[in-house]
Amino acid sequence: MSLPTLLSQHIVRRPQRIALLQHIAEQGSITRAAKSAGLSYKAAWDAIDELNNLAQKPLVGRSVGGKGGGGARLTSEGERVLRLYQKLQALQAQVLEAAEDASDLDLLGRLMLRTSARNQLHGTVMAIEAQGRNDRIQLRLAEDLSIDAQITHDSTLRLELQIGTEVVALIKAGWLELSAPEHSATPGDNCLRGLIEEILDAEDGPSEVRISLPNGQTLCALAEPLHLKTQGLTAEKPVLVQFSPSNVLLGTPL
């Protein structure tokens, strides 16, 4: 009944996002579940994307245009996580009761980092290749997808990375380059193929593009509307996603 370490920490830090799973199970609709959880429609999808990316298997399945504005259901893994939710709530209560004073809780809050990076993917270190003062870290994502990160050797030592270490790969949305699937990949770059789920246009900036990967994880990219039009990229169309290994930041549990 265990969960990935990073997902377990996320549950403890942000229980309101896990509670969203309960609303999805009850409502069967993202719109209604978001309203019940006190979230906007976009915030609800952001929460689901983050949960799916941190889990080894997707927790929520989705369907476009379902009843109530986009159908959603828990996968078997999502149902399992939901069963564990009550147990984790009880454990959290025990930790809070064990705190000696309010300063203990302030210290814990400072140690738990939030990040502005929209893409946070759970992965496992599969290989470490020395490249001068840098190391190229090969990560296995869910369903055997893989990406590389390039970090300094000092960072490898500081994070205590070794084969089998669980990490979170952080990639800013603006670092992802989108192109038509027939486009040639840039040598040395990470290259993932996915399907565009949705394009959210903005009046005064780039569009936000949600991309589903074959393993159930989701990427969020920023792209100019003219670039999307030139590449023929629209919703429900395949897309090639590229990004440099040097633009992949790594984090490990404290």
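Q: R210 first: buried or exposed?
A: R210 counts as buried, at 3% relative accessibility. Buried means under 20% relative accessible area, exposed is over 50%, and partly exposed is in between, with a 1.4 Å probe and protein chains only. Bear in mind that this is a predicted model, where local features need pLDDT of at least 70, side-chain atom pairs count only at pLDDT 80 or more, and totals for chains, interfaces and linings use all residues. Residues are numbered from 1 along each chain as its sequence is written, and side-chain values use heavy atoms, with hydrogens and water left out.

Q: Which side chains meet R210 in a salt bridge?
A: E198 is one, at 3.9 Å from N to O. E208 is another, at 3.8 Å from N to O. A salt bridge here is a side-chain nitrogen of Lys or Arg within 4 Å of a carboxyl oxygen of Asp or Glu.

Q: What does the R210 and E198 pair tie together?
A: R210 lies in strand β9 and E198 in strand β8, so the pair links parts that are 12 residues apart in sequence. Strand β8 covers residues 190-200. Strands are DSSP runs of E, at least two residues, and helices are runs of H or I, at least four, numbered from the N terminus.

Q: What else does E198 touch, skipping residues up to four places away in sequence?
A: E198 touches E208, V209 and R210. Contact means heavy atoms within 4.5 Å. There is also a C-alpha separation of 7.5 Å between E198 and E236, which are 38 residues apart along the chain.

Q: How many salt bridges does the count come to?
A: The count comes to 8. One of these joins E77 and R80, with the closest N and O atoms 2.8 Å apart.

Q: Where do E77 and R80 lie?
A: Both lie in helix α5, residues 76-98. They are 3 residues apart, about one turn of the helix. Both E77 and R80 are buried.

Q: Switching to packing. How many residues are in the largest nonpolar core?
A: The largest nonpolar core has 30 residues, and L178 and L250 have the most contacts inside it. Such a core is a set of buried Ala, Val, Leu, Ile, Met, Phe, Trp, Tyr and Cys residues joined through side-chain atoms within 4.5 Å.

Q: Which elements give two or more residues to this core?
A: They are β3, β4 (134-140), β5 (146-152), β6 (166-171), β8, β9 (207-212), β10 (218-223) and β11 (238-243). Apart from this core lies another, of 19 residues, among them L20, A33, A44 and W45.

Q: What does L178 touch beyond four places in sequence?
A: Its contacts include V209, I211, A221 and A223. H227, L228, Q231 and L233 are also among the residues L178 touches.

Q: Now T124. Where is it?
A: T124 is in strand β3, residues 119-131. It is buried, with a relative accessible area of 14%. Leaving aside neighbours within four places in sequence, T124 is in contact with Q138, L139, R140, G164, T165 and E166.

Q: How many disulfides turn up?
A: A search of the whole structure finds 0. The cut-off is a pair of cysteine sulfur atoms within 2.5 Å.

Q: How accessible are C191 and C220?
A: C191 is partly exposed, with a relative accessible area of 33%. C220 counts as buried, at 6%.

Q: Last topic, backbone angles. Which residues have a positive phi without being glycine?
A: D144 is one, with a phi of about 65°. E160 is another, at about 55°.

Q: Where do they sit?
A: D144 lies in the loop between β4 and β5. E160 is in the loop between α7 (153-158) and β6.

Q: Buried or exposed?
A: D144 is exposed, with a relative accessible area of 61%. E160 counts as exposed too, at 63% relative accessibility.
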